[in-house]
Amino acid sequence: MSGLLVFGRTGQVATELARAVPEARFLGRDEADLSDPAACVRILLASNCDAVINAAAYTAVDRAESEPESAHVVNAAAPTAIAGAAAAVGVPFVHISTDYVFDGSGEAPWNETGPTNPLGVYGKTKLAGEQGIAAAGGQWAVLRTSWVFSAHGGNFVKTMLRLGRERETLRVVADQHGGPTPANGIAAACLTMIQAMLSDRTKGGIYHFSGAPDTSWAGFAREIMAQAELSCRIEDITTAEYPTPARRPANSRLDCHAISRDFGIARPDWRAELNKVLAEIGR
Ligand SMILES: NC(=O)C1=CN([C@@H]2O[C@H](COP(=O)(O)OP(=O)(O)OC[C@H]3O[C@@H](n4cnc5c(N)ncnc54)[C@H](OP(=O)(O)O)[C@@H]3O)[C@@H](O)[C@H]2O)C=CC1
Ligand SMILES: Cc1cn([C@H]2C[C@H](O)[C@@H](COP(=O)(O)OP(=O)(O)O[C@H]3O[C@@H](C)C(=O)[C@@H](O)[C@H]3O)O2)c(=O)[nH]c1=O
Ligand SMILES: [Mg+2]
């Protein structure tokens, strides 16, 4: 797809977008620093693009607790400004958000109208970004996803492979539940949504998208060890036994029916995608 402008170049989702649509224009931090929202606006206004995706974000969940201002500018002020510029030139804008906007209460999967109540700075700044985008007007969509993995960049799969080679046992939280999501699936979902929004200028809003089936971090870790043929044993622990600066939701399950109904996008099986990612890492 030509005429597509993407904020982000090196992240997991941006890398998969670049594979799917190499002809799009990808803006790295060197060209568009989200710490400078006004600069991002200028680039968009001068770009003559047909559609915009934001795949850049401040994603260091624990570090955000001690850098709330930086996280807010990147995750809220910049996406809000980008949405305003996209609205001004009349092009659709797709942004990515997170399960961490929820407090994780209960056991039912969250749908798009569920009450948000982020537990940490990262989730709070991502929620502020969603709200700023909605208030900016224009044609926008926010894709909330969870537990992203790919062969590139930093993610839970890469961490587990590294630790799994070094240790005989790993203690992993078993009381946080959600859907691991392959970055290529998110890239494909963003592109399908952009195409649909270009052909129907009334389409947009918040949508949930995650891989299936839901599991726990310990369940995810166990499948990684099994598929990678590592003998490292995964020991189930509670969140209380793994203290971190940021609190994380216990229930990150996302109800993904709306995106299937409105865009025909199905939940990918993360186990099959994990297999492909491990093969790619091994090459
Ligand atoms: N990772 C996850 O588990 C999840 C991610 N998400 C959301 O998905 C989206 C994509 O995440 P993902 O691909 O995993 O991100 P990554 O953590 O892989 O990469 C983050 C990207 O954002 C860029 N970035 C960070 N700060 C700035 C800045 N100030 N200016 C410009 N670029 C910046 C990074 O650039 P650089 O390489 O220069 O640092 C990098 O390209 C984000 O909106 C994220 O919030 C949602 C749920 C789960
Ligand atoms: C390394 C490790 C982590 N854990 C736990 C900590 C945490 O609860 C869980 C996952 O660890 P991570 O550091 O990958 O988690 P985290 O960085 O919080 O992952 C989140 O990133 C942001 C960007 C999102 O939007 C979320 O959807 C989610 O993917 O596993 C263990 O229990 N044992 C371990 O050895
Ligand atoms: Mg992390």
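Predicted model: local features only at pLDDT ≥ 70, side-chain atom pairs only at ≥ 80, totals over all residues.

User: Which residues come nearest to ligand 1?

Analyst: Gly 11, Gln 12, Ala 57, Thr 59 and Val 148 come nearest, out of 24 residues around ligand 1.

User: And what is the make-up of that shell by class?

Analyst: The shell around ligand 1 holds eleven nonpolar residues, ten polar ones and three charged ones.

User: Which element gives the most to it?

Analyst: Helix H1 does, with three residues. H1 spans 12-20, and both this helix and strand E4 (93-98) supply at least two residues of the shell.

User: Moving on to strand E5: why is it described as largely enclosed?

Analyst: Six of the six residues of E5 (residues 140-145) are buried, so the strand is largely enclosed by the rest of the structure.

User: Which way do its side chains point?

Analyst: Trp 140, Val 142 and Arg 144 point one way from E5, whereas Ala 141, Leu 143 and Thr 145 point the other way.

User: How many bridges join E4 to E5, and do they run parallel or antiparallel?

Analyst: The two strands run parallel and are joined by six bridges. Phe 93 stands opposite Trp 140 of E5. Between E4 and E5 the chain passes through helix H5 (residues 121-136), in a right-handed β-α-β crossover.

User: What about E5 and E10?

Analyst: E5 pairs with strand E10 (residues 205-208) in the parallel sense, over four bridges. There, His 208 of E10 is the bridge partner of Arg 144.

Notes
Residues numbered from 1 in each chain as written. Chains lettered and ligands numbered in written order. Near = placed C-beta within 6 Å. Nonpolar A, V, L, I, M, F, W, Y, C, P; charged D, E, K, R; others polar. Buried ≥ 20, exposed ≤ 12 C-beta atoms within 10 Å, placed from the backbone. Pairing = 2+ DSSP bridges. Right-handed = clockwise from strand over helix to strand, strands pointing away.
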